[in-house]
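Subject: Structure handover

Hi there,

Here is the structure I promised to pass on. Please have a look at it first, and then read my notes below.

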Amino acid sequence: MKKFTGYHATAIIVAFFAVVVSVNMVMARFALSTFSGTVVDNSYVASQKYNDWLAQARTQQAHGWTVSPALRKTDRASITITTADGGPLQGATMTGIAEHPIGQADPFEISFAQTGSGEFQSVETLPAGRWKLKIIITQDDKDMRVVRDIW
C-alpha cells in the first residue's frame with residue numbers, strides 16, 4: 001500500500017476546486033444565455049400602478065379576443081387574432097415594439113398588416129434570434145396590449 005502524501009492531498013484539493021469552478025462557469029453561462037430581462041424597471045412605481053393594470057386586464061379580457069403565440073414566417077413575425085365567437089378579427093390595426101430580451105440590440109418599432117383571416121404579419125423584417133414583441137391591437141374604440149416572445 002502506498003503512502004498518502006502531500007502531493008496526493010494537493011491533487012485531490014485541486015481536482016475538487018477545478019470541478020466546482022467548472023460547474024459554476026457552466027451554470028453562469030446557462031443563466032446568462034436564458035435570462036429574459038427585467039419584468040419592470042422600478043418595482044415601487046409598478047406597485048403603484050398594479051390596480052390600474054388589473055382593471056386594464058379585465059377590460060381587455062371583456063373584448064373576448066384571443067391572440068396566438070407569435071410565429072416566425074421566413075423573416076417576419078406572424079400573429080393570429082380571433083374574436084369571442086372564434087371568427088377572425090377584422091378591421092384592426094396592430095403596432096408594437098420589438099426588444100431584444102437582454103439588450104443585445106436596440107429596440108425598434110414594428111407594424112403589422114392583415115394578410116388573411118385574422119392573421120397579421122409584420123411589415124418590417126425581424127432579425128434572427130429571440131425577441132420580445134410588445135404589441136398594441138386597436139379596433140374602433142377597443143384596444144389590447146399583449147407581449148409575445150418569438151424565437
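A word on element names to begin with: helices (H or I, at least four residues) and strands (E, at least two) are DSSP runs, numbered from the N terminus. By that naming, Asp 140 lies in the loop between E7 and E8.

Please keep in mind that this is a predicted model, so local features need pLDDT of at least 70 and side-chain atom pairs count only at pLDDT 80 or more, while totals for chains, interfaces and linings use all residues. Residues are numbered from 1 along each chain as its sequence is written, and side-chain values use heavy atoms, with hydrogens and water left out.

Let me start with the backbone. Most residues other than glycine have a negative phi. Asp 140, though not a glycine, has a positive phi of about 55 degrees. Asp 140 counts as exposed, at 72% relative accessibility; here exposed means over 50% relative accessible area, buried under 20%, and partly exposed in between (1.4 Å probe, protein chains only). Thr 74 also has a positive phi, near 50 degrees. Thr 74 sits in the loop between E2 and E3 and is exposed, with a relative accessible area of 72%.

Now for the interior. A nonpolar core is a set of buried Ala, Val, Leu, Ile, Met, Phe, Trp, Tyr and Cys residues joined through side-chain atoms within 4.5 Å. The largest one has 21 residues, of which Ile 81, Met 94, Leu 126, Leu 133, Ile 135 and Ile 137 touch the most other members. Two or more residues come from each of strand E3 (76-82), strand E4 (93-99), strand E5 (108-114), strand E7 (131-139) and strand E8 (142-150). The biggest contribution to this core is that of E7, with four residues.

On to the aromatic rings. Rings of Phe, Tyr and Trp (its six-membered ring) pair if their centres lie within 6.5 Å; planes under 30 degrees apart count as stacked, over 60 as edge-to-face and the rest as tilted. The structure holds two such pairs. Phe 16 and Phe 17 have ring centres 5.1 Å apart and planes at 80 degrees, so this pair is edge-to-face. Phe 16 is partly exposed at 49% relative accessibility, and Phe 17 is partly exposed with a relative accessible area of 49%. The rings of Phe 108 and Trp 131 are edge-to-face, because their planes are at 70 degrees, with the centres 5.4 Å apart. This pair links distant parts of the chain, with Phe 108 in strand E5 and Trp 131 in strand E7, 23 residues apart. Trp 131 is buried, with a relative accessible area of 2%, whereas Phe 108 is partly exposed at 24%.

How many salt bridges does a search of the whole structure find? There are four, a salt bridge being a side-chain nitrogen of Lys or Arg within 4 Å of a carboxyl oxygen of Asp or Glu. Among them:

- Glu 119 pairs with Lys 73, the closest N and O atoms being 2.8 Å apart. Glu 119 lies in strand E6 (residues 119-122) and Lys 73 in strand E2 (residues 71-73), so the bridge ties together parts that are 46 residues apart in sequence. Glu 119 counts as buried at 18% relative accessibility, and Lys 73 is partly exposed at 37%.
- Lys 134 pairs with Glu 99, with the closest N and O atoms 3.3 Å apart. This bridge links Lys 134 in strand E7 to Glu 99 in strand E4, 35 residues apart.
- Asp 149 pairs with Arg 130 (3.5 Å, N to O). Asp 149 is in strand E8 and Arg 130 in the loop between E6 and E7, so parts 19 residues apart in sequence are tied together. Arg 130, Lys 132 and Asp 149 are linked in a network of salt bridges.

Do tell me what you think once you have looked through it.

Best wishes
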